[in-house]
Amino acid sequence: MKLAFLLAALFPIAHLPEAQAANAPLDIWVKQIWNEFKDAVDCGTCQALLGGLKLAAGFGEEFLKDVLIGVCDSSRADDPDVCAGIMTNELPGVYYAIKNMHVGSHTAKTLCSALVGLCDFPNVRPYDLKFPSPKPDKRRPPPSGKAPLKVVHFTDTHVDLSYEAGSNSECTKPICCRTFEAQDAPGMTSNPCGPFGNTKCDAPEQLQASMMTAIASMNPAFSIYTGDVVAHDVWLVDKAEVLEDFNKTYGMIEAHLGLVYPAMGNHDTAPLNLVPSDKLPGRFNPQWAYDALTSSWFALTGAESVSHATKYGSYSAMHPNKYGSYSAVHPNSNLRIISYNSIFYYKYNFFSYTEPMEYDPDGQFAWLINELQSAESANQRVWLISHIPSGDIDHFRDHSHYFDQIVQRYEATIAALFYGHTHTDAFQISYSDYKNRNHNTANSIGYIAPSMTPTSGSPSFRVYEIDPETYAVMDYTQYIANITDPSFQANPVWIPYYSAKKDYGSTLAPSPPDTAELTPAFWHNITVAMENDPSVFDSYWARRTRGYKVPSCSADCQRTQICALRGADAQYSCVKRTPGLSLSKRGGVDEVRDHPLLSKRFHPECNHAGMAPLLAKIAYQAQVARANGE
Ligand SMILES: *[C@@H]1O[C@H](CO)[C@@H](O)[C@H](O)[C@H]1NC(C)=O
Ligand SMILES: *[C@@H]1O[C@H](CO)[C@@H](O)[C@H](O)[C@H]1NC(C)=O
Ligand SMILES: *[C@@H]1O[C@H](CO)[C@@H](O)[C@H](O)[C@H]1NC(C)=O
C-alpha cells in the first residue's frame, strides 16, 4: 500500500486527539504498518514506511511502541517477550528519531540505507574540520632497536552473570545458557552448557577469570580494553544490570591486572547503543553510565582525582564525566592514549538520526584535534583506542570520513589505532589517497582484536610487542582458548594461535626482519599477498573467527573483503548495501552462509543486537510474507 492509501486509510485515526489514540483500533495501525513493511522494496517505499511510522509517532511514544510490538509479533521475527523487551527498551531513541525526521532527507535516506539497505548510501556531506596548524613534514620515527614491551589487548568480554552451567544451550533466544523456562534448567536438558562457555551463549564469569589469570601471567607493561562489558540479553538489560556488570568485570580486571586503558562499548549503557549528543534533551543523556565507567577507569588508570595534574598531564583536559572519552599520558613515557566514544557515529544509535545529522556530536572531533595537536607539539606518540572501527559498515560514512581526515593530518604522530566490536580478527588501513591505494599511500593502521565472548569463535586476547620509544607495534601474537577442544570445559588453556610477523610476514618477499615495525605499508603488502595468493587470504579468513565455522568466500567476496581491509574511510570499503538486510562488512559467517537475521535461532555479535537487527528481521520477514502472497 502506498503512502497516499495509508493516509486515506488512517485519516479518521489520524485526527483523533492523542488521549484517544490508545482507544483507536491499534490492529488497523499494526496491519497498515506491516503492509508498509511488505511494500518497502526500494528507497521510495522505505521513505513511505518512515512516513507511516511518523504518523504513528504523532500519537505519542506509547502508541508507537504498541504499533511496533504488534508489527514485530505479526512478523514472527522473534519471540513475543524479545519483541516487547527490545521495542520497549530502545523506544526513546527510535521515537525521537522518527518523530523529528523529514521524510526524504539525508537523515531519512541514511536510515533506510544503514538499517534495511533500501536506499543507496547518501554521499558524504563535506565538513570543514579546523586544524590549528598545517600538517608538518614529519614521518613515522624509525624503530629504536630496544627490547620491546608487552601490551595486552582484550575486548568484548560480554560476561553474562546469569550464565548457568548445565542449562540449555539450544534455546530460542538471542543468547542461551540461562534458565528462561523450566525446560532450560540444569538437569532438564540434553544440551547442557559447560562451565566455561558455549558458542550459543555469552561468557560465564569463570571464563573471564581464566583469561585474566592468563593475561596477568604474561606480565604486560599495561593493557588496553576496547569495551563491551555487558551481555547480549538486550531485551532484558537495564541500568541495574549494566551497573552490576561494570562492578563485576571492572572489579575483576582491577584484581588481576595493573594499568589498563579502557574504552566504552555500545553495550555499556542501557538501553544499549543509545548515546545522544548534548544537543538532545538532557533526560536522554546516559550520564550515569559515563560516571560509572569513569570511576572504574580512574581506578584502573591510577589517576586519582587529586593527582591528575601531576601524574597525567592531560587528564584535566579530558572530558571524563562528559561523554566516555579521555586522553592520558602513560606514566614516564611519551605515549599519549586517547580513548574516544565511537558510539556517536554508530548507525544503531537512533539518537544520531537528527535533522540534520550533527557533523561533530559533543564536539568530540574538535577535542580529538586538540589532543592530537598537543601530542604533536610535545613530540609524543599517540594511540587511539575505541570500540567501533572507523571503517566498519556500521559506522556512519560521514563521520568515518571526518575521523579519517583527522588521522591523515596527524599520521606521523599516531603510532596505531585499536578497536574491538566486530568479535572478529581484522585490521583497517588508511591512505593519503584512496583512489590510489598502495604501500606508499598507506599511512595508518587500525588493529581490530577478536572477542573474549565465544559467540563467533574461541575466546581470545592479543599480546603486542611494542617499541618502548616509538610505541610502534613490532609484532603481535593472538592467543585463544580452543573452545572445541574437549579439555576446554575442564580447564581452558590459552595458547598462541598465530603471530603477525611469522604467519603474515612470511608471505612477503623479503619478509620483514624482527627489528622492523608492522607499518601501514607492511599491512598493505599483506593485502597484496592476499590478492596474489588465495591461500594467504584463506588464512586471514579463517583467523577472523579463530577457525570456527569458516564460511566459503567466492572470488567476488574476496575482492570485497580485501577492499574492506583497505577502507578505514568507510566510503571506500566496497561494501554494497543488500536490500532488506543490514550486513556486517566483517561478519563473514553471517554474510555468506547463514545470515543470522535469516535464522530464528540467531546468536548475535555486538554489531547485530537489539532494535536495528530486529527491524531488519521484520523487513526480511515482510519480504517472505510478500513472496508467499500473505
Ligand atoms: C563493586 O561494588 C562493591 C560493593 O558496593 C564495592 O565495594 C566495590 O568497590 C565495587 N567495585 C567496583 C570495581 O566498582
Ligand atoms: C581446536 O581443537 C580441535 C579439537 O581438538 C582441533 O581440531 C583444532 O585443530 C584445534 N584448533 C586449534 C587452533 O588448535
Ligand atoms: C611493500 O611492497 C613494496 C613493493 O613490493 C616494497 O617496495 C616495499 O618495501 C614493501 N614494504 C614493506 C614494509 O613490506
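Reply: The sheet, strand by strand

Strand β10 (residues 460-466) and strand β11 (residues 473-481) pair in the antiparallel sense over seven bridges, where strands are DSSP runs of E with at least two residues, numbered from the N terminus, and two strands pair if DSSP finds at least two bridges between them. Within this pairing, Ile466 stands opposite Val473 of β11.

The model is predicted, so local features need pLDDT of at least 70 and side-chain atom pairs count only at pLDDT 80 or more, while totals for chains, interfaces and linings use all residues. Residues are numbered from 1 along each chain as its sequence is written, chains are lettered from A and ligands numbered from 1 in the order in which they are written, and side-chain values use heavy atoms, leaving out hydrogens and water.

Strands β10 and β11 belong to an open sheet of six strands, which run in the order β3-β2-β1-β10-β11-β12 with mixed pairing. At its edges are β3 (260-262) and β12 (494-499), each of which pairs on one side only. On average, and with direction ignored, neighbouring strands of this sheet are turned by 25° against each other; the axes are lines fitted to C-alpha atoms, and angles run from 0 to 180 degrees between N-to-C directions.

As for the helix, α3 covers residues 26-39, a helix being a DSSP run of H or I with at least four residues. Because its 14 residues at 1.5 Å a residue should span 20 Å, the 20 Å between its end C-alpha atoms agrees; the expected span is 1.5 Å times one less than the number of residues. Among the buried residues of α3 are Trp29, Ile33, Trp34 and Phe37, as well as Glu36, Lys38 and Asp39, buried meaning under 20% relative accessible area (1.4 Å probe, protein chains only).

Definitions and conventions. Buried means under 20% relative accessible area, exposed over 50%, partly exposed in between (1.4 Å probe, protein chains only).
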